[in-house]
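Keep the viewer open as you read.

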Amino acid sequence: MLAGMILSLLVAQADRPTVYVFTTTDCPISNRYAPEIQRLAAKFGNTSKFVLVYPVPGDSPDMIRAHHQKFGYSTEYIRDAGQALVKQTGVTVTPEVAVMRGSLVLYRGRIDDRYVELGKERPKPTTHDLEDALSAVLAGTPVAVKE
C-alpha cells in the first residue's frame with residue numbers, strides 16, 4: 001500500500017478503464033517512456049484512469065515518491081511489493097501495461113513498438129499498442145490485439 005490506496009479497491013472500479021503502467025525506479029526503458037505515459041494520461045485522462053504500479057519489493061516508498069517527482073508524473077501510483085496486481089494481470093516485464101475494467105483485463109502488453117529488442121530502439125514507434133487499445137475500449141469496439 002502507498003498513498004493510502006488499497007489495491008483491491010483500485011481493481012474493483014468498473015465505471016471506466018484503468019491503465020496500470022508497471023514500472024520501476026531504475027529501469028532505463030521505463031524511464032524513457034515517462035513522456036509518452038504522461039501524453040497518454042493527458043489525452044485519455046477524462047475517460048480513463050492511469051496508475052503507475054511499482055512491483056519491485058526493493059523500491060521503497062521514498063524511492064517511489066522521488067521517482068514520481070523526478071519524472072513529473074501527475075498520475076496516481078501504488079506500490080505492489082507483494083505483486084498481487086502482477087499476478088492478477090499477468091505482466092512479466094517493465095514497462096508493461098494492463099488496461100482493465102473492474103477485474104477484467106482488456107489489454108496487456110507493450111506501450112508501443114519503439115524497442116525492437118533489448119538495447120535496440122527505433123527512432124519512432126510504428127505502432128501505438130496502448131493508445132490503439134484504449135481508443136478501441138472507449139469506442140466500445142473489440143481490442144484488435146489484446147496481448
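Helices and strands here are DSSP runs numbered from the N terminus, a strand having at least two residues. With that in hand, please note that this is a predicted model.

**A buried spot in a strand**

Valine 51 sits in strand 2. Buried stands for a relative accessible area under 20%, so valine 51, at 1%, counts as buried. Once neighbours within four places in sequence are set aside, the contacts of valine 51 are Thr18, Val19, Tyr20, Val21, Glu76, Tyr77 and Ile78. Isoleucine 29 is 22 residues away from valine 51 in sequence, and their C-alpha atoms are 18 Å apart in space.

**Helix 3 and its two sides**

Which residues of helix 3 are buried? In helix 3, which spans residues 34–44, they are Ala34, Glu36, Ile37, Leu40, Ala41 and Phe44. These residues lie on the same side of helix 3, because they cover an arc of only 165° around the axis.

What covers the buried residues of helix 3? The cover includes strand 1 (18–22), helix 2 (28–32), strand 2 (49–54) and helix 6.

Helix 6, residues 129–139, holds glutamate 131. Not counting residues up to four places away in sequence, glutamate 131 touches Arg39, Leu40, Lys43 and Phe44. With a relative accessibility of 12%, glutamate 131 counts as buried.

Is serine 30 buried or exposed? Serine 30 counts as buried, because its relative accessibility is 2%. Leaving aside neighbours within four places in sequence, serine 30 is in contact with Phe22, Thr23, Thr24, Tyr73, Thr94 and Pro95.

Arginine 32, with a relative accessible area of 46%, is partly exposed. Residues up to four places away in sequence aside, arginine 32 touches Arg114, Tyr115 and Glu121. Serine 135 is 103 residues from arginine 32 in sequence and 23 Å from it in space, C-alpha to C-alpha.

Here are the accessibility values of the residues visited so far, with one from the next section.

| Residue | Relative accessibility | Class |
|---|---|---|
| Valine 51 | 1% | buried |
| Serine 30 | 2% | buried |
| Glutamate 131 | 12% | buried |
| Glutamine 83 | 29% | partly exposed |
| Arginine 32 | 46% | partly exposed |

**Backbone details in two loops**

Glutamine 83 lies in the loop between strand 3 (76–79) and helix 5. Its phi is near 60°, which is a positive value in a residue other than glycine.

On the other end of helix 5 (84–89), the loop that runs between this helix and strand 4 (96–101) contains proline 95. The peptide bond leading from threonine 94 to proline 95 is cis, and its omega is near -5°. Both threonine 94 and proline 95 are among the contacts of serine 30.

**Empty spaces**

Rolling a probe the size of a water molecule over the atoms shows where empty space is left. How many cavities of 30 Å³ or more are there? The count comes to one, and the largest cavity has a volume of about 30 Å³. Its lining is made of Val21, Thr23, Ser30, Tyr33, Ile37, Tyr73, Pro95 and Ile111. By class, six of the lining residues are nonpolar, two are polar and none is charged.

The largest pocket holds about 290 Å³ of space. It is lined by 18 residues, and the closest to its centre are Val93, Pro95, Arg110, Asp112 and Tyr115. Strand 5 (104–109) and strand 6 (115–117) each supply at least two residues of this lining, and strand 5 gives the most, with three residues. The lining of the largest pocket divides into nine nonpolar, two polar and seven charged residues.

Notes. Residues are numbered from 1 along each chain as its sequence is written. This is a predicted model: local features need pLDDT of at least 70, side-chain atom pairs count only at pLDDT 80 or more; totals for chains, interfaces and linings use all residues. Side-chain values use heavy atoms; hydrogens and water are left out. Helices (H or I, at least four residues) and strands (E, at least two) are DSSP runs, numbered from the N terminus. Buried means under 20% relative accessible area, exposed over 50%, partly exposed in between (1.4 Å probe, protein chains only). Contact means heavy atoms within 4.5 Å. On a 1 Å grid over the protein atoms alone, a cavity is a set of points where a 1.4 Å probe fits but cannot get out, and a pocket is an open set with protein on both sides within 12 Å along at least five of seven lines; lining residues have an atom within 4 Å of a point. Grid points are joined across faces, edges and corners, and a volume is the space filled by probe spheres set on the points. Ala, Val, Leu, Ile, Met, Phe, Trp, Tyr, Cys and Pro count as nonpolar, Asp, Glu, Lys and Arg as charged, and the others, Gly among them, as polar. The arc is that of the directions from the helix axis to the C-beta atoms.
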